[in-house]
Amino acid sequence: MAITDVPAFAHLTDSDIDTLAVELDAIRQDVEDSLGERDARYIRRTIAAQRVLDVAGRLLLAGSAKRSAWWAGTVTLGLAKIIENMEIGHNVMHGQWNWMNDPEIHSTTWEWDMSAASKHWISAHNFQHHKYTNILGMDDDVGYFVLRVTRDQPWERFNIGNLVFNALLALGFEWGIGLQTVDLEKLLEAGPERDIAAERTREFLLKAGRQVFKDYVAFPALTSLSPAATYKSGVKANMVANLIRNIWANAVIFCGHFPDGAEKFTKTDMVGETKGQWYLRQMLGSANFGAGPVLRFLSGNLCYQIEHHLFPDLPSNRLHEVSVRVRALCEKYDLPYTTGSFSRQYGKTWRTIAKLSLPNRYLRDSADDAPETRSERMFAHLEPGFAATDRVTGRRRGLKTAIAAVHDWRRAQPRRRSPESCSRGDYPAALGRSAGQLPAASAASSKCHSSLA
């Protein structure tokens, strides 16, 4: 079951959450106060470099009769598309550079190199995904309509194709993003929403049509004017460049939303949600991956997905410094800071997608304490007042310590029946009296094993 009570899951009081919000607001204010020419120079140079790469790739393709030239041009073009989508388009349309008041580099004017119309993406992404992050039934990015990524999504027979669907989504990711923003199913419903969907569909088809013409007609025809290239080689090069961009964008985005530790929430989470609770949900619902300067740049700085979700309109080039302060806050409040290597995080997303292609009865762990699906009910039998200063270590005990306490106890139990056959009452009543000092399992707890991984 997804999280229904974020403060309870996080082991924070209302006062804690309010203070956390003040501290996060201070981080935002510090960055906003320091924005200036250095940042403006960064984005202008990035756009200029991307355009040089794009031209260089197409010039190399003019000599594509040679296999080496074809591959050099295709990879260069794919790299240009990655930079345009990830570090420029995505971030410009978030309004990260609106403070410059540059009419070209502005969220209201930028049209990116993707089949999705920018204004549709802004509506679906900025005003829906970032507001309702990982809330089931409100955030369409939870599974993108075709993938089962949490046990809260009822298993359907088509979910057996989870791995195939994910592979297809990665290959055609720009089309998945474009179609996601259109709501084609509303064309079948009577009422004003059908008219809106029809207008969006028309706008999407116009944008997608221009994109197809540019990539598979105009540029290949231009390339074929060279005696050392053909129209067919130009089409193939643009197709492979788009595939490179699609697969990379899909991988980066999935690493930020579906590894272990990226929590899911129910609609009740947002009822009366305060600013601090929204901040907290963003921290719990996102995940980072480790990256050096090159990987940071190629990911659009979305290796800092936690920081991006906290401050979606802060310039991407500042997220590295922000991450140091956010990580310190997680340590202060004993909150997990979910991160790992790129390969590890991406591997976890594929593992989850493969696992959830099966019905729950074939899965281990409980619906409240699985790597991809957790809730506050996993802590139902922690001792009262667990979230306090540990008398032994003098450190604050919060979510990170609570998760460790439950998992340490579970690992200590012998493997027995499936957790689906276990009652919640099988946890020891005083679980987690202090971090690292767990009580022995009670007689009742020995009836059932809930440590299946």
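A residue is called buried here when its relative accessible area is under 20%. All views show a predicted model.

**Figure 1. Stacked pair of Y144 and F254.** Both Y144 and F254 are buried. Their ring centres lie 5.7 Å apart and their planes meet at 10°, so the pair is stacked, planes under 30 degrees apart being the criterion. Y144 belongs to the loop between α5 (118-129) and α6 (162-171), whereas F254 belongs to helix α9 (residues 231-257); the pair thus links distant parts of the chain, 110 residues apart. By the rule applied to ring centres, the protein holds 17 aromatic pairs.

**Figure 2. Surroundings of Y144 in the largest nonpolar core.** Leaving aside residues up to four places away in sequence, Y144 touches L169, F173, I177, Q180, I253, F254 and F258. The largest nonpolar core has 43 residues, of which Y144, F173 and F254 touch the most other members. Two or more residues of this core come from each of α3 (37-61), α4 (67-93), α5, α7 (173-180), α9 and α14. Helix α9 provides the largest share, 7 residues. In soluble globular proteins, nonpolar side chains tend to be buried together.

**Figure 3. Edge-to-face pair of F289 and F342.** The rings of F289 and F342 are 5.1 Å apart, centre to centre, with 75° between their planes, an edge-to-face arrangement. F289 lies in the loop between α10 (275-285) and α11 (293-298) and F342 in helix α14 (residues 342-355), so the pair ties together parts of the chain that are 53 residues apart in sequence. F289 and F342 are both buried. Together with W248, Y346 and W350, these two residues form one aromatic cluster.

**Figure 4. Charged end of R58 over the ring of F219.** The charged end of R58 sits over the F219 ring. The distance to the centre of that ring is 3.6 Å.

**Figure 5. Confidence along the model.** The mean pLDDT of the protein is 88, and 90% of its residues reach 70 or more. Where pLDDT is low, the predicted coordinates should not be read in detail.

Note on methods: Residues are numbered from 1 along each chain as its sequence is written. This is a predicted model: local features need pLDDT of at least 70, side-chain atom pairs count only at pLDDT 80 or more; totals for chains, interfaces and linings use all residues. Side-chain values use heavy atoms; hydrogens and water are left out. pLDDT is the predictor's confidence in each residue, from 0 to 100. Rings of Phe, Tyr and Trp (its six-membered ring) pair if their centres lie within 6.5 Å; planes under 30 degrees apart count as stacked, over 60 as edge-to-face and the rest as tilted. Helices (H or I, at least four residues) and strands (E, at least two) are DSSP runs, numbered from the N terminus. Buried means under 20% relative accessible area, exposed over 50%, partly exposed in between (1.4 Å probe, protein chains only). A charge sits over a ring if NZ of Lys or CZ of Arg is within 6 Å of the ring centre and within 35 degrees of the ring normal. A nonpolar core is a set of buried Ala, Val, Leu, Ile, Met, Phe, Trp, Tyr and Cys residues joined through side-chain atoms within 4.5 Å. Contact means heavy atoms within 4.5 Å.
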